[in-house]
There are 2 protein chains.
Amino acid sequence: MLDEKKGLTLDISSCKPLREIVFETIRCAIITGELQPGQRLMEVRLAEEMGVSRTPVRESIRKLELEGLVKMVPRRGAYVTPMSVNDLKEMMEIRRALEELAAELAAMNATEEEIEKLYDANRRFGESALANDEAGIIKNDMDIHDIIYEASGNKKLLAMINSLREQMQRFRAEYVHRIEDKTPLVDQHMEIIKKIENGESALAKAAVSEHIHSTGDDMLQVLYAVKNDKNKNEWAL
Amino acid sequence: MLDEKKGLTLDISSCKPLREIVFETIRCAIITGELQPGQRLMEVRLAEEMGVSRTPVRESIRKLELEGLVKMVPRRGAYVTPMSVNDLKEMMEIRRALEELAAELAAMNATEEEIEKLYDANRRFGESALANDEAGIIKNDMDIHDIIYEASGNKKLLAMINSLREQMQRFRAEYVHRIEDKTPLVDQHMEIIKKIENGESALAKAAVSEHIHSTGDDMLQVLYAVKNDKNKNEWAL
DNA sequence: GCTTGTAATATTGTATACATTATCCATTAT
DNA sequence: ATAATGGATAATGTATACAATATTACAAGC
């Protein structure tokens, strides 16, 4: 059951079924870029790397296909889905609509405790931005948005945004490296939080829309930069 | 490979891999209500009914779990996800946000040919509504929305809305039975189409928002009626 | 030199076998 | 009579075997 060879390694500590661990391992490898876009996923090879049989690997690949992270060609195998600029644009549009909805609902439903957590997370985000602590920036930014999604009270919305966000994460690591100053985002976050606190759903929605729109534009600019980077040609752009 | 027993039957005519046919067969059975909410899905039984082995059945169930149509409990089996009133409410909220986005984008991107198809589909919808032709009402309504999604130019948005819509379809058959007069929807559709034709994205978005909101309310009313219907207790409400 | 055909290899698709665990029913003890 | 316990049964989780198809390499012909 354990990994005996190089490559992906499983976290056996949890008590989940093996297939879930395998699924999350492969998924994480794709999102972090360990498995690169366009790369072929061969069942036997992945199974050997993780020290399991083909069965859980197959199930994982099929599920990843449904999620869009993997593309399958019948009888030919599975590939990590390459993302085009257009794909990212489509996901940004959808994400904006969903984030707007989340803010709108959060403004109607957020508890005092959640408001408190928002202020707290944004304070930490500001510290990370000042210190240029990339890991902290990403984590605290995700925290802020997570709290908003949960405050919306819509569990399915939370799951859908998270799926989208994780797929975009494949670009995001690259993105944060190239951006210099993230401190303006602290004010954007603060504005959103205030609207939510006051229950001004329409204004919260508008603030989020602007926030996503500006960061989305940044991201696309980075994408074009990546496109012209010789070392990143494996990304199908 | 063929069905030798009672129950689900496969459509062998296509050249797709068996697993895709199995997936779609089970998925369709859940959406149409042939497999009822809360019902247990036993791999051996489903496999025997369709005349295939457990492997493609397992893969299908795992994928359906990811989509939310099936709920799995480790070591205990899989069940058709029961839908609560709250689940439907969550999906309605998300669908409204996505439909608004689709209309907004369609207003910016629709071709003349697509506008023409919209008018045509709405004319047919009106005929079905007048004749109280339930199948026609559903089909033409879906056509109208489909054309809008495609006109948006966002493929991922199309896929997401369709997935949501098909899940809500589980209620929809019930819904249409109980509604008397669908003709007011013809005007609502017409208004949306006109805004799209004129490229008025904000107005198109608003019109769709209102349209979804009103039909959503209807649907929730039906749900409460279903809830009080003794024959429908298998729906976990 | 390039294309085409064919055999060898590798990979996917499906089926089945085995191990583990949950469920159910009967028996027994309180 | 009821509750608890134990075994039989059945289901899931995983691994492996086999068949069908795709890929590759190499050789023969143009």
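In this predicted model, chain A and chain B bury about 2700 Å² between them, where buried area is the accessible area (1.4 Å probe) that two parts lose on being put together, summed over both. Carbon and sulfur atoms give 62% of that area. Leu66(A), Ile94(A) and Lys156(A) supply 21% of what chain A buries against chain B, more than any other three residues. Contact (heavy atoms within 4.5 Å) takes in 31 residues from chain A and 32 residues from chain B.

Six salt bridges (side-chain nitrogen of Lys or Arg within 4 Å of a carboxyl oxygen of Asp or Glu) cross the interface of chain A and chain B. Arg58(B) and Glu59(A) form a salt bridge through their side chains, at 2.9 Å from N to O.

DNA strand C has 21 residues around it, each with a heavy atom within 4 Å of the strand. Arg75(A), Leu18(B), Ser53(B), Thr55(B) and Arg76(B) come nearest. An N or O atom in the side chain of Arg76(B) lies 2.2 Å from a phosphate oxygen of DNA strand C. For the side chain of Thr55(B), an N or O atom is 2.6 Å from a base nitrogen.

Residues are numbered from 1 along each chain as its sequence is written, while chains are lettered from A and ligands numbered from 1 in the order in which they are written. Local features need pLDDT of at least 70, side-chain atom pairs count only at pLDDT 80 or more, totals for chains, interfaces and linings use all residues, and side-chain values use heavy atoms, with hydrogens and water left out.

Note on methods: A polar contact is a pair of N or O atoms within 3.5 Å; within protein, one must be able to donate a hydrogen and the other to accept it, and residues adjacent in sequence count only if both atoms are side-chain atoms.
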